[in-house]
Amino acid sequence: CSQEQANQLYRLFDNLALLFRDRLMSSKSEPRAISFTISDVHLVESDQLFALLDIARKAQILYTYTSSAKDFGRRETYYVPNRILWPERGLDPHGQHARVSIRAVHLLEAAERNRRIPFKDIGEETGVLFDE
């Protein structure tokens, strides 16, 4: 890959780690996710994104598999970053099987512009459960 693609991959995985860590520290019901799916692919030019993901897959820092989607039993591609990346970021790679659905545009912005992948903590909206 080119130096620019290597930089984009670094930024993408860095922002994924930040998202997974934010989820882990939040009050989300399923915070322990270290895999993702891609949504809204049709809204962006996704060739560059999938080229980056293919490079990461060939370098074995990203694995893929297909499984049933939540929508009408279709098949969906799941992306699982290599678990060796996460302990350095304070993430425990064992026992985490949840996945996050991330919009393609947010993944592209993370790779190209180093923008954080948006995350909204449920606790920020609802406050404390059973507030007295």
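Where is Asn114 found? Asn114 lies in the loop between α3 and α4 (122-126), and it is the subject of one of the views below. The structure is a predicted model, in which local features need pLDDT of at least 70, side-chain atom pairs count only at pLDDT 80 or more, and totals for chains, interfaces and linings use all residues. Residues are numbered from 1 along each chain as its sequence is written, and side-chain values use heavy atoms, with hydrogens and water left out.

**View 1. The overall fold.** The protein has 4 helices and 4 strands, where helices (H or I, at least four residues) and strands (E, at least two) are DSSP runs numbered from the N terminus. Along the sequence, these elements follow the pattern α-β-α-β-β-β-α-α. Of the 132 residues, 38% are buried; buried means under 20% relative accessible area, exposed over 50%, and partly exposed in between (1.4 Å probe, protein chains only). Among contacts (heavy atoms within 4.5 Å) with a separation of 6 or more, 68% are between residues 24 or more positions apart.

**View 2. The largest nonpolar core.** This core has 29 residues. A nonpolar core is a set of buried Ala, Val, Leu, Ile, Met, Phe, Trp, Tyr and Cys residues joined through side-chain atoms within 4.5 Å. The residues with the most contacts inside the core are Leu16, Phe20, Phe36, Ile38, Ile102 and Leu107. Two or more residues come from each of α1 (3-24), β1 (33-39), α2 (47-58), β4 and α3 (104-113), and α1 gives the most, with 7 residues. Leaving aside neighbours within four places in sequence, Phe36 has contacts that include Leu16, Phe20, Leu62, Ile102 and Leu107.

**View 3. The packing of α1 against α2.** Two packed helices are described by the angle between their axes and the distance between the axes. For α1 and α2 the angle is about 85 degrees, and the axes are 10 Å apart. Axes are lines fitted to C-alpha atoms, for helices over the stretch in contact, and angles run from 0 to 180 degrees between N-to-C directions. The two helices α1 and α2 are therefore roughly perpendicular to each other, a class that covers 65 to 115 degrees, whereas angles under 35 count as roughly parallel, over 145 as roughly antiparallel and the rest as oblique. Gln5, Gln8, Leu9, Leu12 and Phe13 in α1 meet Gln48, Leu52, Leu53, Ile55 and Ala56 in α2. The residues of this contact divide into 7 nonpolar, 3 polar and no charged; Ala, Val, Leu, Ile, Met, Phe, Trp, Tyr, Cys and Pro count as nonpolar, Asp, Glu, Lys and Arg as charged, and the others, Gly among them, as polar.

**View 4. The surroundings of Asn82.** Asn82 is found in the loop between β3 (75-81) and β4 (98-103). Asn82 is buried, with a relative accessible area of 18%. Its side chain is joined to that of Tyr63 by a polar contact of 3.4 Å; such a contact is a pair of N or O atoms within 3.5 Å, and within protein one must be able to donate a hydrogen and the other to accept it, while residues adjacent in sequence count only if both atoms are side-chain atoms. Beyond neighbours within four places in sequence, Asn82 is in contact with Gln60, Ile61, Leu62 and Tyr63.

View 5. Asn114 is partly exposed, at 41% relative accessibility. A polar contact of 3.0 Å joins its side chain to that of Asn15. Phi of Asn114 is near 55 degrees, a positive value in a residue other than glycine.
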